[in-house]
Amino acid sequence: SLRNARRRGVPLLEQARTANDALAAHSALGEFVTGQLIRIDLQSGAATVVNAGHPLPLRLRDGRVDELDLAVDIPFGLYPGREFRLQHFQLEPHDRVLFVTDGVLDRNSDQVAAPAVLRRTEGLPPRDVVRQLGDVVLRATQGNLADDCTMLCLDWYRPVDNS
């Protein structure tokens, strides 16, 4: 549902509603899926996001790690016809943003210091952030993941002006 809506150029809020309604129609009562939908304007760095139940993204800017100030809506699939909030934040050159699922933090979360990993890997490529955080999660859970453990690390650089 999300891929088809995105390919049709459907706005982000409508994509969220479509995904929510499809999940609600095809899952048992009480089943749900957390998710984040994000669209970034590649010229300005303006980001638009729907956060349906995920932990807040972490942003590394100028050596400091902060949670992005976003509201968290309930997950997809619980109630058909439900509305989601469209939220905005601005990326600055050299920002690094880490998106994680709740499975990264669920079990032994006191041992999974995602902000520390993000700060420690500041000069490394994004794939190394994901690799190192994944290693920390696997050690904390002793390789026994009870939930999905998904991470996305995004580095933002202002596009080159070719004019």
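Two strands are taken as paired if DSSP finds at least two bridges between them. By that criterion, the predicted model contains an open sheet of three strands in the order β1-β2-β5, with antiparallel pairing. Its edges are formed by β1 (35-40) and β5 (87-90), each of which pairs on one side only. Direction ignored, neighbouring strands of this sheet are turned by 25° against each other on average. Six bridges link β1 to strand β2 (residues 46-52) in the antiparallel sense, and G35 stands opposite A52 in β2. Helix α2 (residues 12-26) lies across β1 and β2, and runs at about 160° to β1.

The protein has four helices and seven strands, which follow one another from the N terminus as α-α-β-β-β-β-β-β-α-α-β. Of the contacts between residues at least 6 apart in sequence, 65% join residues at least 24 apart. Buried residues account for 38% of the 163 residues, while the exposed surface comes to about 9,400 Å², with carbon and sulfur atoms supplying 50% of it.

An α-helix has 3.6 residues a turn, so residues three or four places apart point the same way. Just after α4, Q142 adopts a positive phi of about 55°.

Technical notes:
Residues are numbered from 1 along each chain as its sequence is written. This is a predicted model: local features need pLDDT of at least 70, side-chain atom pairs count only at pLDDT 80 or more; totals for chains, interfaces and linings use all residues. Side-chain values use heavy atoms; hydrogens and water are left out. Helices (H or I, at least four residues) and strands (E, at least two) are DSSP runs, numbered from the N terminus. Buried means under 20% relative accessible area, exposed over 50%, partly exposed in between (1.4 Å probe, protein chains only). Contact means heavy atoms within 4.5 Å. Accessible areas come from the Shrake-Rupley method with a 1.4 Å probe; for residues, only the protein chains shown count as cover. Axes are lines fitted to C-alpha atoms, for helices over the stretch in contact, and angles run from 0 to 180 degrees between N-to-C directions.
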